[in-house]
Structure formats: structure tokens, C-alpha cells
Amino acid sequence: MDGTSCDFEYSIQLAPLMRRSLPKMRVFDSQRIQPFVPYCRYSRRIQGSDNQREYPHIGGMYVDWSGYLCGLTLMHPCVFNVQSVLDNGSSVAALRRFNSLLAGLPADSWEDKLAPVMNELAYNLESFNPAFTAVLLRVQSTIGKTDYVCRDNALKNLIQPLAGEYGMHNGEPQAKTHRELFSLFYADLMKQPLETVLSKNPEPRFSKILFDQMMRDLSAPEGIHGPVELASYALGYNLAIEYLADYEKTWMLDSFRELNARVLEPQGRPLSEWLFLEVHAEGEAEHAALGHAAVASMVPASHQGILLRAMQDHDRDFSAFYSEIANMLQ
Ligand SMILES: [Fe+2]
């Protein structure tokens, strides 16, 4: 068992309860995705459970505090299997190229090349906030159509990265927002206020294209109908954003460290405001885990194809954006 397989025997090992409930069949296959366990919609009381007990995920079934099965959602290995298509996707290739160019910017022209890219990034990084909000709305809009506890659990996971954008973390006083942190980083790097560049060009071309596409996808993805399908799509889209952000921000921190040591420090203007890059490089893996948990909480196993489609849609649009801003660095 390699931990990524989604076959039925694995599901039996993880969730003995499913042995009684599911037929032995495989309903999905492709070159990229392993077969997965079919969805079986039911909700029933577990014998002998009591309302005080906390139940964990059992395979693909989320069991709530009151002892009800929420229905059969995608199992964790299946979600890992779907999200792993991003590891070899076009965004990762575009991010690799972008970061190689960023780390290797020439000492005599780095500032001119980087200025429009930073303009794009200022808009792009903020544009994920309305996308996250749209994802929340999609899930909230399944009220009465999805399980009360599963929906609530998905939302509990989704709200944390969004709240974090505004400096809010559980049990801690509100810190600087990520917009404030980016502004400090920008001013430190470019030696001018972020407001100056944003007042000249408040809607940079390529990040605006990506933002419009994200909002189009999250509001009316082609061929996806009904509140539950739309929520599954949105949850997959959100996971793709967070999963790719882990690559993006980790590599971005590494690239700026390299640029700083090779170019900025020798030019007498070393970076001192690292917090924006550091919190993202450290935090996106956790965000991806939260996005994964939100998917596993609520997306029916029969929606694996929708999940994959959402991830591929974001991969396509995100890679187009990074290809364009990589071109600016050449
Ligand atoms: Fe994130």
C-alpha cells in the first residue's frame, strides 16, 4: 500500500464500515487518476454512539459529533491522488521558469525588469481574497442540500486561510494584514511606496485576466450545474490555489534570498522586510492541508471528476499568468 492508491481494498482497510455499505466496483479510471470508491449516499446513526464523543474521519466518511455519518465523501488518498496531478502540471513548470529568471536577474537591469512584475503581483496576491470569498459562498449556498455538519466543517477549514489574509489567527491578537506585509516588502525592495505604482496602474493586465477568469470559473464554470456540483468545483478550485501557492511562495522566498545575496546586498540595498515572504512560504502548506480537509469533509466521491476539472482549470489559468510575468523578466 503506497498511501496514494484509491482502490477498494485500501478503503476497506481504512474504513471497515464501508465494507458493509459499498459494492465492489470501480467507476472511474483514467491515465492520471486511480480508480476510486463509488459514492454511496446515506446518513445513519452509528450503533452505540453518544452525543459527547468526537468522531474522526474514517476513510471517506466524516462522522460528526452526534454520531451521524455525513455521507461518503472523497477519501483522503483519493484527494491526494487528484491534487498530485498539479505536481506535474503547467503551473509548476511556469513557476519553475519564473523563479529561475527571478533568482538570476542581471545586476544592471533587475529593477526595471522587476517593477512591472511587482505591480502584477500586488494585484494578483490580493485577487485571491475575493476568490476565497466566492468559494465560501459556493459552499454556504448548499444550505439544505448538503449535510449540516459536513458543510460546517468544510467552512471551518475554509475560513482560516481567508482570516489569515487579514492577520487573524486562532488564539492570537490580530496581526498585520497580508496587504500591509506586502506593502512593507514592496517599499523595502523597490524603494518607493506601493501606493505610487498602484495609482499609476491599479489593474495590471495579466493579473486582471487571471482574476476575471477565476471569478468566472467560480461563479459559472462551464458544464457544472446545481449548488452541490458548484460547491465541489469551488472546493477543488480552492485546493488548487492553495496547493500551487505552496510551490509558489516557497520558491519565491528562495529566489529573493538568492537575488538578495547576489545583487541587492552588493549594491548596498539588502532586503530587510522578509516577513511577507516568510509567512507565506511557511503557511501555504498548512493552507493546502486545510483546503484538502474541506474537500474531504464535503465533496461526494462521485464528484472526483469535478474536483479534477476545477484543479485543471486553475492550473491552466495560473500557468498562463506566471508564463506572462516570467516573460517580463527575460
Ligand atoms: Fe494560502
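Good morning, colleagues. Please keep in mind throughout that we are looking at a predicted model.

I shall begin with the chain as a whole. Its secondary structure amounts to 12 helices and three strands. The chain has 330 residues, and 39% of them count as buried. As for contacts between residues at least 6 apart in sequence, 79% of these join residues that are at least 24 apart.

Let us now turn to helix α4, which covers residues 90–103. How far apart are its end C-alpha atoms? They are separated by 20 Å, and this agrees with the 20 Å that the 14 residues should span at 1.5 Å a residue. Within α4, the buried residues are S91, V92, A94, L95, F98, N99, L102 and A103. These residues cover an arc of only 160° around the axis, which means that they lie on the same side of α4. As to their partners, the buried residues of α4 pack against α10, residues 227–264, and against α12, residues 304–329.

One further residue of α4 deserves a word, namely R96. Is R96 buried or partly exposed? R96 counts as partly exposed, because it has 14 C-beta neighbours inside 10 Å, whereas a buried residue would need 20 or more. The C-alpha atom of R96 is 9.6 Å from that of A326, although 230 residues separate the two along the chain.

My next subject is a pair of helices, α5 (residues 110–140) and α7 (residues 178–190). Their axes come within 11 Å and cross at roughly 175°. An angle over 145 degrees counts as roughly antiparallel, and α5 and α7 are therefore roughly antiparallel to each other. Which residues make the contact? On the α5 side they are A115, M118, A122, L125 and E126, and on the α7 side R179, F182, Y186 and M190. Sorted by class, this contact of α5 with α7 comprises seven nonpolar residues, two charged residues and no polar ones.

Finally, I would draw your attention to M75, located in the loop that runs between β3 (69–72) and α3 (76–83). M75 has 24 C-beta neighbours inside 10 Å and so counts as buried. Along the sequence, M75 and A296 are 221 residues apart, yet in space their C-alpha atoms are 6.2 Å apart.

That concludes my presentation, and I thank you for your attention.

Definitions and conventions: Residues are numbered from 1 along each chain as its sequence is written. This is a predicted model: local features need pLDDT of at least 70, side-chain atom pairs count only at pLDDT 80 or more; totals for chains, interfaces and linings use all residues. Helices (H or I, at least four residues) and strands (E, at least two) are DSSP runs, numbered from the N terminus. The expected span of a helix is 1.5 Å times one less than its number of residues. A residue is buried if 20 or more other C-beta atoms lie within 10 Å of its own, exposed if 12 or fewer, and partly exposed in between; C-beta atoms are placed from the backbone. The arc is that of the directions from the helix axis to the C-beta atoms. Two residues are in contact if their C-beta atoms, placed from the backbone, lie within 7 Å. Axes are lines fitted to C-alpha atoms, for helices over the stretch in contact, and angles run from 0 to 180 degrees between N-to-C directions. Angles under 35 degrees count as roughly parallel, over 145 as roughly antiparallel, 65 to 115 as roughly perpendicular and the rest as oblique. Ala, Val, Leu, Ile, Met, Phe, Trp, Tyr, Cys and Pro count as nonpolar, Asp, Glu, Lys and Arg as charged, and the others, Gly among them, as polar.
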